[in-house]
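Dear colleague,

I am handing over the structure below, and my notes on it follow. Please read them with the model open beside you.

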Amino acid sequence: MEYLFGKEMQPKIVKKGLIDNCEKEVTSFELNSQRFREIKLVNTKECPICKYKKFESFAKVRDLSWVVCLNCTHHFALKYPDANNLKLFYEEYSDDGKLEPYRIEDDGTLKYRLENVDKPKYESITKIKGRAGSWLDIGAGLGNMLHLAKNDGWDVCGLELSQFQADYAKEKYNIDLIQKDVIPFYNEDATKTFDVITAIGYLDLIEDPIHSLSIIRKMIKKDGLLVVSTPNANSFSAKLLQLWPESTIRLCTPVDRSLFTEKSLTYALREAGFEPFKCWYFGLDYFDLFLHLSIKNTEFKNSEAGRILLESFNEFQAVIDKNKLSDGMIIYSRANA
Ligand SMILES: [Zn+2]
């Protein structure tokens, strides 16, 4: 495995909305956790990745328990709704925007996000797969990644369940996202294949990552590239969460189902017929520390100490990244013959 470490970021720009509203975020997370606990939850009996049946406690986040698989180190929510109840939950609560992962920021912030969050990821992919071909983005969000690819001549296709985000992609980039999950999308026409498939922040939300990855395997061209990104359970942020679960607002949200480690993610990819060859660690762990402290003491974010932490973010974070303790990771894989 080849490793890459770090990505420059200015959280004070890209996360301005979150910083300004961090106390409100906590309230919203508490409310959504409560709503989530009110629906029928089912006990998970085995690790969703390796099927091992022994696990130990990782953390209790707003009364929802998270455990660690003692075999493959995968972290997952111990109780989760079945597919029907989950659908009902989303239908009931998605209208007020509380479940949307992104706030719509002003144009300047969006431009910064496109240049500094999406573009480096996009370029890491085109560096490997230079010539424009076909690109499928699963969980396409606001359509930023596909917008960049489309501008470079890629033939793009995106799947996104959220109406709100699909509307945004249409209005902002004139990209028609398909509101389907990957399995029904494949079943509709099993002949379509892609040169690049990306799933940034998708595998951590679904019931059976290996099954979905096996379907993705059928849709990738022989020399195609799969790029997946998930939060990292072996991270400084995850250790902060264990210490202060009441003020976490980035990891283990109520609708999250899995928190991968590099070990459990590469296990899942190999099981599904992929060979991972490159892993990029980068994250916002020091920003996460900033958020915890800002929630604990409302004066922190406007204090001199808070300012130093934010101003020096990239230097602090570089130490975390080079030790593979970042809260984010991207893994690049090729399909096995
Ligand atoms: Zn496992």
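Which residues of α3 are buried? In α3 they are C22, F29 and F36, where a residue is called buried if 20 or more other C-beta atoms lie within 10 Å of its own, exposed if 12 or fewer, and partly exposed in between, with the C-beta atoms placed from the backbone. These three cover an arc of only 30 degrees around the axis, which puts them on the same side of α3, the arc being that of the directions from the helix axis to the C-beta atoms.

Before going further, please note that this is a predicted model, in which local features need pLDDT of at least 70 and side-chain atom pairs count only at pLDDT 80 or more, while totals for chains, interfaces and linings use all residues. Residues are numbered from 1 along each chain as its sequence is written.

To stay with α3 for a moment, this helix (residues 22-38) has 17 residues and reaches 25 Å from its first C-alpha to its last, close to the 24 Å expected at 1.5 Å a residue, where the expected span is 1.5 Å times one less than the number of residues. Its buried residues pack against α2 (16-20), α4 (83-93) and α12 (285-296), whereas the exposed residues K24, T27, Q34 and E38 sit on the face turned away from the buried side. Helix α9 (residues 209-219) has P209, S212, L213, I216 and M219 buried; they cover an arc of only 105 degrees around the axis, which puts them on the same side of α9.

As to the whole protein, there are 14 helices and 13 strands, taken as DSSP runs numbered from the N terminus (helices H or I, at least four residues; strands E, at least two). The radius of gyration is 19 Å, close to the 20 Å that the globule rule gives for 337 residues, so the protein is as compact as a globular protein of that length; the radius is taken over C-alpha atoms, and the rule is 2.2 Å times the number of residues to the power 0.38. Of the 337 residues, 40% count as buried.

The sheet I looked at is an open one of four strands, in the order β3-β4-β5-β11 with antiparallel pairing, two strands being paired if DSSP finds at least two bridges between them. At its edges stand β3 and β11 (258-259), each with a single partner strand, so one side of each is left without a neighbour in the sheet. Strands β3 (residues 55-61) and β4 (residues 64-69) pair over six bridges and form a hairpin with two residues between them, where R62 in the turn has a positive phi of about 50 degrees. On the other pairing, three bridges join β4 to β5 (residues 75-77).

Lastly, two buried positions. Y267, found in helix α11 (residues 262-271), counts as buried with 22 C-beta neighbours inside 10 Å. Leaving aside neighbours within four places in sequence, Y267 is in contact (C-beta atoms, placed from the backbone, within 7 Å) with I49, C50 and C72. I331 is one of the residues that touch the most other members of the largest nonpolar core, which has 84 residues; such a core is a set of buried Ala, Val, Leu, Ile, Met, Phe, Trp, Tyr and Cys residues joined through C-beta atoms within 7 Å. Apart from neighbours within four places in sequence, the contacts of I331 include V228, L265 and P276.

With best wishes
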